[in-house]
Amino acid sequence: MRPAMNAATGETIWEYKRDTQLASRTKTLAIYRDLIYYAAPDGFIVALDANTGKVAWYFQFVPHDEWGFDVNSQPILFDLPGRGAAVGVATKLGIFYVFDR
């Protein structure tokens, strides 16, 4: 993943790296308030604090994925009627997961 940078100075503020052997295929990030949602190439969705880069929460879609059934889409932000703000991600298994933002 690319670093978070100060737009005025170009200075790196923080950088988030996954401990994985997989090639980085960063998809589009989703940003809502102070969280950045990242669909990682190793089958995780990670919510990062936008100010610090620290992990706020994460979820692994397919534990011990040997066949590549990881995430195949970017995080999608939407509102669920009666539930509020949500973030969703589709996997290669055809399952669409929904999380509270």
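Analyst: Let us begin with Ile 95, which is partly exposed because its relative accessible area is 39% (buried means under 20%, exposed over 50%, and partly exposed in between, with a 1.4 Å probe and protein chains only). The model is predicted, so local features need pLDDT of at least 70 and side-chain atom pairs pLDDT 80 or more, while totals for chains, interfaces and linings use all residues. Residues are numbered from 1 along each chain, and side-chain values use heavy atoms, without hydrogens and water.

Ile 95 sits in the loop that leads from strand S8 (84-90) to strand S9 (96-100); strands are DSSP runs (E) of at least two residues, numbered from the N terminus. Together with Trp 67, Phe 69 and Leu 93, Ile 95 makes a nonpolar surface patch of about 430 Å² (Shrake-Rupley areas, 1.4 Å probe; members have over 30% relative accessible area and no salt bridge, and nonpolar side chains are joined within 5 Å, like charges within 9 Å; a salt bridge is a Lys or Arg side-chain nitrogen within 4 Å of an Asp or Glu carboxyl oxygen).

Thr 91 belongs to the loop between S8 and S9 as well, yet Thr 91 is buried, because its relative accessible area is 4%. When residues up to four places away in sequence are left aside, Thr 91 touches Phe 61, Phe 69, Asp 70, Val 71, Asn 72 and Tyr 97 (heavy atoms within 4.5 Å).

How values were computed
Helices (H or I, at least four residues) and strands (E, at least two) are DSSP runs, numbered from the N terminus.
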